[in-house]
Amino acid sequence: MMKKITIAIDGHSSCGKSTMAKDLAREVGYVYVDTGAMYRSVTLYALRNHLFEGDTIDVDELQRRMDDIRITFQFNPETGRPDTYLNGELVEKDIRTMEVSNRVSPIATLAFVREAMVAQQQQMGRDGGVVMDGRDIGTVVFPNAELKVFVTASPEVRAQRRYDELKAKGMEADFDDILKNVQERDYIDSHREVSPLRQADDALLLDNSNMTIAEQKDWLLQRFREVTDGLSAATPA
C-alpha cells in the first residue's frame, strides 16, 4: 500500500489556499485541516467570553482558558467539505465574519495560542494522509512534509476574491475595508516574532493572481502525483 504523505500549503490570507487544499484532499482521499479556522475559533471564543476590551486582549485570562479550547473538524457530506467545531459546537459560519477577521491576527501572534494549536495540528497529522494549510505549516508544524507549497497573489486580487466570497454568502462587504484588512494581516503575519509567515526553503512557489481555480487544482494535483510517484518508484516492491 502506498504511504500517505503530509501536504503543507502556506501563504498569504485570502489567496485561495483553503480552496486548493480542500479540493486536493477530496480528490486524493486525504483529511483536510484548516488551521486558519482554528485560530479563528480561538478568536471567536475570546469574543464570546468578553476577553477583548476594544482591541486589547485579556492575555492572562485567555492563557488560563487554553486547555478548555478544543477544535475539531467533521466532514459535511452536503458541501463535501469539513466543518469547524469549537468544543463540539458547529461554528463554521460564525468564524467567517469580519468581526473575527479583524481580530484574528493579534490572537494568532500569541506564542501560547500557537503552541496549543500546533500541538493539536501535529496530533491530527501524525499518520500522514493530511492536507493542511496556514501560515507556518511547512516551517513549524510539519517541517518534514513531503510536499510543501507557498501560495501568493497580489493584495488587490485577494481582496476582490474575499469581497466576492462574502457577497456570494449574502454578507455585507466593502472592498476598501477588505483590502486594508488584507494588507494589515500581511504585515502582522510577516513581522510577528513567533512563526512569521515565510516560504520554507524547500517549498514550491505558486503565484495564482492570474489562475482560475481549475488551473490551480490541476497544478497542485500534478505536484502531488510527482511526489507520490517519486516515492513509490524509490520504494522497493
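Which side chain of opposite charge is nearest to aspartate 133, and how many Å away is it? Keep that in mind while we look at the whole chain, remembering that this is a predicted model.

Start with the overall build. The chain has 9 helices and 10 strands. Its radius of gyration is 18 Å, close to the 18 Å that the globule rule gives for 237 residues, so the chain is as compact as a globular protein of that length.

Buried residues account for 50% of the 237 in the chain. As for how the chain meets itself, take the contacts between residues at least 6 apart in sequence: 73% of them join residues at least 24 apart.

Back to aspartate 133. You'll find this residue in strand E8, which runs over residues 130–134. Aspartate 133 is buried, yet it has no salt bridge. The nearest side chain of opposite charge belongs to lysine 17, 4.7 Å away.

What does the side chain of aspartate 133 make a polar contact with? The partner is the side chain of tyrosine 32, at 2.6 Å. Leaving out residues up to four places away in sequence, aspartate 133 also touches a set that includes Ile9, Ser18 and Ala21, along with Val33, Asp34, Thr35 and Gly36.

Key
Residues numbered from 1 in each chain as written. Predicted model: local features only at pLDDT ≥ 70, side-chain atom pairs only at ≥ 80, totals over all residues. Heavy atoms only, no water. Helix = DSSP H or I, 4+ residues; strand = E, 2+ residues; numbered from the N terminus. Buried < 20%, exposed > 50% of the residue type's maximum accessible area, 1.4 Å probe, protein only. Lys, Arg positive; Asp, Glu negative; His and termini not counted. Salt bridge = Lys/Arg side-chain N within 4 Å of Asp/Glu carboxyl O. Polar contact = N/O pair within 3.5 Å; in protein donor to acceptor, adjacent residues only side chain to side chain. Contact = heavy atoms within 4.5 Å. Rg over C-alpha atoms; globule rule 2.2 N^0.38 Å.
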